[in-house]
Amino acid sequence: MDEDENRYFSTYNRDLRPLHPYTNVTTGETNERFLELIRRGLISKSVVSSILQLLSDILPVPNNLPRIFNELLKSLQIDNHYTERIYCTGCFEIVDQQKRLLCVNENYVNYQKLKYDLLTVFDGDVKSLLSSVIKRNLSEIDYYSNQTSPIFDDDIIIGERYRKLKETHNNRPFISLIFHLDEFPLVKSTKFCLWTFSVSIVELRSSIRKRLKNIILLSADFGNGKLNVTIWLQHVVEELNKLKIPGISMESDNLNIYFFNVVYFALIGSFLAQ
Ligand SMILES: [Zn+2]
């Protein structure tokens, strides 16, 4: 169990209320078991909400079972940092998830048809994801970004470009980001693919920057068909642009206030050149 998991379990308060008046089973225990089942079965959010709705309807009233997926996460004190959108790859309109994923574009040849390719996009809450990684690494960022001579491997902050960046900021603190665009074919014989857009922080020394928990997944897109980068990344790029001007501010555990400007440092993307 790593540090983050330890922190989660030390602050998680299980809901000890009985699920309904005629049982000793607690609401918290039920919700935990339910979450484990849906994770094992890779069940979609909308199906989970329908199952919860059905169970709530047949349980004795009153009962404490959550009625939708987000309530379930909330009861288990899990922050859901991602929202899902599903596109028709024929017309790139968002499909109607309530109506069996039908194309809702009246001008498209596959309007209301089931058999077409879909693209599923998960967009992260950019500000909160970035803030949580920065907050967890505040002392490391503070220490590493103020070094002036090489101390670790792969020292970006000693380079000419980073020095100039520091000058233009007149030594005001900033966070600079390296974006990564990656493609992972999921099934060899088809075009089913996963594309990810993630970000790492220059102000962390290389060995810490490359740790999985410090690489922030901003958006993922998977499906069988053409990739439309503009549509995929539109939302996340808008969120990133909103951070450029106000920057990010946060309170550390010892109640110090930190403020960082946000700078885009580099974009690494192999598949875009193909
Ligand atoms: Zn369509």
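**View 1. The largest nonpolar core has 25 residues.** The residues with the most contacts inside this core are Y87, I134, I175, L177, I201 and L218. A nonpolar core is a set of buried Ala, Val, Leu, Ile, Met, Phe, Trp, Tyr and Cys residues joined through C-beta atoms within 7 Å. A residue is called buried if 20 or more other C-beta atoms lie within 10 Å of its own, exposed if 12 or fewer, and partly exposed in between, with C-beta atoms placed from the backbone. The model is predicted: local features need pLDDT of at least 70 and side-chain atom pairs count only at pLDDT 80 or more, whereas totals for chains, interfaces and linings use all residues. Residues are numbered from 1 along each chain as its sequence is written. When neighbours within four places in sequence are left aside, L177 is in contact (C-beta atoms, placed from the backbone, within 7 Å) with V199, I201, V262, V263, Y264 and F265.

**View 2. Seven strands form an open sheet with mixed pairing.** The strand order is β1-β2-β5-β4-β3-β7-β6. Helices (H or I, at least four residues) and strands (E, at least two) are DSSP runs numbered from the N terminus, and two strands pair if DSSP finds at least two bridges between them. Strands β1 (82-88) and β6 stand at the edges with a single partner strand each, so one side of each is left without a neighbour in the sheet. From one strand to the next, the twist averages 25 degrees; axes are lines fitted to C-alpha atoms, for helices over the stretch in contact, and angles run from 0 to 180 degrees between N-to-C directions.

**View 3. Strand β7 (residues 257-269) pairs with β3 and with β6.** Strand β3 (residues 174-185) runs parallel to β7 and is joined to β7 by eight bridges. Within this pairing, I175 stands opposite V262. Strand β6 (residues 248-251) pairs with β7 in the antiparallel sense over four bridges. S249 stands opposite F259, and the bridge partner of M250 is Y258.

**View 4. L255 lies in the loop between β6 and β7.** The hairpin of these strands has five residues between them. L255 has a positive phi of about 70 degrees although it is not a glycine. L255 is exposed, with 6 other C-beta atoms within 10 Å.

**View 5. Helix α6 (residues 138-145) has the buried residues I141, Y144 and S145.** They cover an arc of only 85 degrees around the axis, which puts them on the same side of α6; the arc is that of the directions from the helix axis to the C-beta atoms. Helix α5 (126-136) is included in what covers these buried residues. Helix α5 also lies across β2 (118-124), β3, β4 (192-201), β5 (216-224), β6 and β7, and runs at about 50 degrees to β6.

View 6. The peptide bond from V61 to P62 is cis, with omega near 0 degrees. F92 is partly exposed, with 15 other C-beta atoms within 10 Å.

Terms used: Contact = placed C-beta atoms within 7 Å.
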